[in-house]
Amino acid sequence: MRVLLIRREPSDELRRWSDDLVTQLGTRGITAYAYESDLWMPKETHPALNRDTSKRLREIGKDYDLVHAMGYRAAWACAEAFGQSESWGYSVYDFPKTRSPKLIERLNQAQFGTCACRAIRNELDGAGTDNLSLVYPSVWIDANESMRSRVDVRHSLGIPQEAFLVGIQGWDERLDLVIEAAGNLPDRIQFLIVGEEREEDWPAHVHCVHGVARPHELIQTCDLWACCREKPAFPLDVLEAMALGIPTLGRAKGGVIDLVAEDLTGSMFYEDETFAGKVSMIEEMSLTRAAYGQAAQVRFKEMFTIEKCASRFVDLYTEALG
């Protein structure tokens, strides 16, 4: 079976997931290729643009058994190019920016559709989509990956070994919440922002590391991993923390609710005002933190591995091709 994954300006997380999916599909006898459509698939949609895009997409897809659209724009393009006469499906990772009937009509032409969390499925189901499945994205953690020790990583970053270190993904739009918490919490509680590209004067107890694609050793050096996003879809950084046995603290919205089992694998906060207090409370509960981390690792292995994700897509591809 040959499968073409079409991406258009994917988010960092969607790119990582689809790259790992391609690799895993290969171990299951499926030749999969992730194709970037940024240069020839415009954001805008109207008949003239759709014709040109459809022509290009049909030409690229002719040597494949099935086309898998990654994201809403790619799904729209596949609906225009293939309709219901060809084998194609789609996966969406983010919440839809619109629930326009025109978009839903096109999504419903696919042989299958998948979404990343229950909250996204609820929005799309409410708009009228059908044939939509919940398939959790995942990440691949290489058990043989060589990582520096916690001591070495902290030394290289100038972080005290005794600090309680809270990690957060750099493209989290609520970094202001982290900065505020850093100013209100004791000096022993410090923050590590991973992948933030902005150059600015961070507070003394906020450390920043730029341009990290797969920050496993940085996540592993943290005592707690946090997700503050206003409307998180399915934060793969939280999933990586779980896989590495790091307890998590997330905003109780979106995909975090699917990931974090509250008071079992981590904790949640519901209002901005409670974030700093939750961090402080978890810092004081060393035995509970250890239990959270162990339970998070078990939950990852039971529900969220890339192997489970790839196997589900193999089933969907097989069913779509009849």
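**Entry 1: the S5–S6 pair.** I began with strand S5 (residues 112-115) and found three bridges joining it to S6, the two strands running parallel. A note to myself before going on: this is a predicted model. Looking along the pair, I saw that cysteine 115 stands opposite leucine 134 in S6.

**Entry 2: the helix on the sheet.** Next I asked which strands helix H13 touches. Helix H13 (residues 306-320) packs on the sheet and touches strand S1 (2-7), strand S3 (66-70), strand S4 (88-92), S5 and S6. I also looked up its direction, which makes about 160° with that of S5.

**Entry 3: the sheet itself.** Then I stepped back to the strand order. The sheet is open, has six strands and reads S2-S1-S3-S4-S5-S6, with parallel pairing. Which strands sit at the edges? I noted strand S2 (31-36) and strand S6 (132-134), each pairing on one side only. On average, neighbouring strands of this sheet are turned by 25° against each other, direction ignored.

**Entry 4: two helices.** I moved on to helix H9 (residues 236-243) and helix H12 (residues 286-303), whose axes lie 7 Å apart and which pack at an angle of about 110°. Angles of 65 to 115 degrees count as roughly perpendicular, so H9 is roughly perpendicular to H12.

**Entry 5: who meets whom.** From H9, I listed Leu239, Met242 and Ala243; they meet Ala296, Gln297, Arg299 and Phe300 in H12. Sorting the contact of H9 with H12 by class, I got five nonpolar residues, one polar and one charged.

Note on methods:
Residues are numbered from 1 along each chain as its sequence is written. This is a predicted model: local features need pLDDT of at least 70, side-chain atom pairs count only at pLDDT 80 or more; totals for chains, interfaces and linings use all residues. Side-chain values use heavy atoms; hydrogens and water are left out. Axes are lines fitted to C-alpha atoms, for helices over the stretch in contact, and angles run from 0 to 180 degrees between N-to-C directions. Helices (H or I, at least four residues) and strands (E, at least two) are DSSP runs, numbered from the N terminus. Angles under 35 degrees count as roughly parallel, over 145 as roughly antiparallel, 65 to 115 as roughly perpendicular and the rest as oblique. Contact means heavy atoms within 4.5 Å. Ala, Val, Leu, Ile, Met, Phe, Trp, Tyr, Cys and Pro count as nonpolar, Asp, Glu, Lys and Arg as charged, and the others, Gly among them, as polar. Two strands pair if DSSP finds at least two bridges between them.
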